[in-house]
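Good morning, and thank you for coming.

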Amino acid sequence: MGLSLAIIVNYGVFGLMKHEVDANPEFQAIVAPANGSAAVATAAALLDRELNVHGWTPNDPFFAPSGILDNMPNFQIGVINAVGRFSFEMLDQIGRRSGSSSADPDLERASGFLQYPPNIWLWEPSTSFLPSVPSERQYLQGLAALQSYNTRLARGQAEFELRNDTLAAALSRISDDLGSQTSLIDQAQDTGWWMFSQAADDVFYQNKGMLYAYDVILESLGEDYVKVIDENNLGQIWGQAMDSLRLGSQLRPAIVLNGNLDRSIFANHLALQGFFMKRAILQLEEVIGVLAI
């Protein structure tokens, strides 16, 4: 009886208290350094919120209260995937003067730390019997590196290339990243006729986290590149792309349904999410096409 009560309290009370899928569309960095990057500040603030405010859950062991959670861990995985991709584009495109110039040391560190798998706990017996470096410790170092870069940028000690081609190249990679996620939607819809699907639920929340992170980061990137966007008359299509990302990230079904697209009377939330993802991709590609001229 006592063990059953402890399990109920651990998962049913403390686990539910931990649950937080925070897709606040108005989120942005509270403080961004003057002459720094709004997008880098927002990416860093997003990391700080998920790591230090909500707490990292994808690597929590089964006995932790959050071990019962599913939607929040998948949402956080989507967020870190998007922030990791953005940090790589900062390293490879925006944060260097040219392709042949040396890489920024802070962006190099940030990109490396943020590519770390999201589900590594203190001990991973499947890979080693020695203690592991947990995911959140790596991500905290990536966060510190992003903040260090932005501080140096504000002091004029780092690069941030405000050119058409650097923005186009970064958006192209981000568009490709979103495109690869749409293939997961197709795979998850191939999991049988039953409208409830764990695979569909997991993909939905990973996509939600990715769409959300890209929405708030690219909104801020638009502030950094406002002159480029205005000079190329891209304000309208840029706004439409942000709207598509936001609409996709704000879908909040009580239960993710995977109804048959041809015959079911039930919703297919992955298909709806995929519509907004593909529309955002097309709109980003339109922006890229104008910038490439």
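Helices here are DSSP runs of H or I with at least four residues, strands are runs of E with at least two, and both are numbered from the N terminus. Please note that this is a predicted model, in which local features need pLDDT of at least 70 and side-chain atom pairs count only at pLDDT 80 or more, while totals for chains, interfaces and linings use all residues. Residues are numbered from 1 along each chain as its sequence is written, and side-chain values use heavy atoms, with hydrogens and water left out.

Let me begin with two loop residues. Asn233 is found in the loop between helix H8 (226-231) and helix H9 (235-249). Although Asn233 is not a glycine, its phi is positive, at about 55°. Is Asn233 buried or exposed? For this we use relative accessible area, found with a 1.4 Å probe on protein chains only: buried is under 20%, exposed is over 50%, and partly exposed is in between. At 69%, Asn233 is exposed. Asn35, in the loop between helix H1 (2-18) and H2, is also not a glycine and has a positive phi of about 70°. Asn35 is exposed, with a relative accessible area of 65%.

I turn now to the interior. A nonpolar core is a set of buried Ala, Val, Leu, Ile, Met, Phe, Trp, Tyr and Cys residues joined through side-chain atoms within 4.5 Å. The largest such core has 71 residues, and those touching the most other members are Leu146, Leu171, Leu178, Leu218 and Leu221. Helix H7 (residues 198-224) supplies the largest share of this core, 13 residues. If we take contact to mean heavy atoms within 4.5 Å, Leu221 touches Ala39, Phe86, Ile94, Phe160 and Leu167, leaving aside residues up to four places away in sequence.

Next, the charged pairs. A salt bridge is a side-chain nitrogen of Lys or Arg within 4 Å of a carboxyl oxygen of Asp or Glu. How many salt bridges does this rule give? The count comes to 13. In one of them, the side chains of Arg49 and Asp22 meet at 3.3 Å, N to O. Arg49 lies in helix H2 and Asp22 in the loop between H1 and H2, so this pair ties together parts 27 residues apart in sequence. Both Arg49 and Asp22 are buried.

Helix H3 holds another pair, Glu89 and Arg85, four residues apart, about one turn of the helix. Their closest N and O atoms are 2.8 Å apart. Glu89 is buried, at 1% relative accessible area, whereas Arg85 counts as partly exposed at 26%. Both belong to a network of salt bridges that links Arg85, Glu89, Asp92, Arg96 and Arg173.

Finally, the pockets. On a 1 Å grid over the protein atoms alone, a pocket is an open set of points where a 1.4 Å probe fits, with protein on both sides within 12 Å along at least five of seven lines; lining residues have an atom within 4 Å of a point. Grid points are joined across faces, edges and corners, and a volume is the space filled by probe spheres set on the points. The largest pocket holds about 280 Å³ of space. Among its 16 lining residues, Ala29, Val31, Ala41, Ala45 and Gln147 lie nearest the centre. H2 gives the most to this lining, with seven residues. The second largest pocket holds about 160 Å³, and Arg85 is one of its lining residues.
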